[in-house]
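This report concerns a single protein model. Please examine the sequence and the coordinates shown below before reading on.

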Amino acid sequence: MEKSRVLVVGGTGYIGRRIVKASLAQGHETYVLMRPEIGLDIDKLQMLLSFKAQGARLLEASLDDHQGLVAAVKQVDVVVSAMSGVHFRSHNLHLQLKLVEAIKEAGNVKVG
């Protein structure tokens, strides 16, 4: 099986952390978007460091930083968005659209 470079957005969430672990277990080069918005959330920081210890690469970029997102997307073949929308549905949709725009501009990931 061909290996991919996978970026997981929302990698510290309930579903996202499982996607990160599965991607690593399958031997894919796995990247996790580390958003500065997590601040000092110790649980999320510890989870990100655990992913790093397992071989994931952490990419720091905010969803409000278009060029930072584009730079992150340019490093991968696949983008998986596992961002939760439980609390802020309209805001989450807006963030998803920002991610799609970055993917389109990067031009290296097929949008389907």
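## Basis of the description

The model is predicted; local features need pLDDT of at least 70 and side-chain atom pairs count only at pLDDT 80 or more, whereas totals for chains, interfaces and linings use all residues. Residues are numbered from 1 along each chain as its sequence is written, and side-chain values use heavy atoms, with hydrogens and water left out.

## The sheet

Four strands form an open sheet in the order S3-S2-S1-S4, with parallel pairing. Strands here are DSSP runs of E with at least two residues, and helices are runs of H or I with at least four, numbered from the N terminus; two strands pair if DSSP finds at least two bridges between them. Strand S3 (57-60) and strand S4 (78-81) are the edge strands, each pairing on one side only. From one strand to the next, the twist averages 25° (axes are lines fitted to C-alpha atoms, for helices over the stretch in contact, with angles from 0 to 180 degrees between N-to-C directions).

S1 and S4 pair in the parallel sense over four bridges. Val-9 stands opposite Ser-81 in S4.

## Nonpolar cores

A nonpolar core is a set of buried Ala, Val, Leu, Ile, Met, Phe, Trp, Tyr and Cys residues joined through side-chain atoms within 4.5 Å. Buried means under 20% relative accessible area, exposed over 50%, and partly exposed in between, with a 1.4 Å probe and protein chains only. The largest core has 20 residues, and Leu-7, Val-9, Leu-33, Leu-63, Val-73 and Val-79 have the most contacts inside it. At least two residues each come from S1, strand S2 (29-34), helix H3 (66-73) and helix H4 (89-106); H4 gives the most, with five residues. A second, separate core of 10 residues includes Val-32, Ile-38, Met-47 and Phe-51.

Neighbours within four places in sequence aside, Leu-63 is in contact with residues including Val-9, Leu-33, Met-83 and Leu-95, where contact means heavy atoms within 4.5 Å.

The buried residues of H1 are Gly-16, Val-20, Ser-23 and Leu-24. Seen down the axis of H1, these residues fall within an arc of 95°, so they line one face of the helix; the arc is that of the directions from the helix axis to the C-beta atoms. They pack against S1, S2 and H2. Gly-27, which follows H1, has a positive phi near 85°.

Helix H2 (residues 42-53) has 12 residues and reaches 16 Å from its first C-alpha to its last, close to the 16 Å expected at 1.5 Å a residue; the expected span is 1.5 Å times one less than the number of residues. Its buried residues are Met-47, Leu-48 and Phe-51. These cover an arc of only 100° around the axis, which puts them on the same side of H2. They pack against H1, S2 and S3, whereas the face turned away from the buried side carries the exposed residues Gln-46, Leu-49, Lys-52 and Ala-53.

## The loop between S1 and H1

Is Thr-12 buried or exposed? Thr-12, found in the loop between strand S1 (5-9) and helix H1 (16-25), counts as buried because its relative accessibility is 14%. Beyond its neighbours within four places in sequence, Thr-12 is in contact with Arg-17, Lys-44, Met-47 and Leu-48.

Tyr-14 is found in the loop between S1 and H1 and is exposed, with a relative accessible area of 61%. The C-alpha atoms of Tyr-14 and Ala-82 are separated by 8.7 Å, although these residues lie 68 residues apart along the chain.
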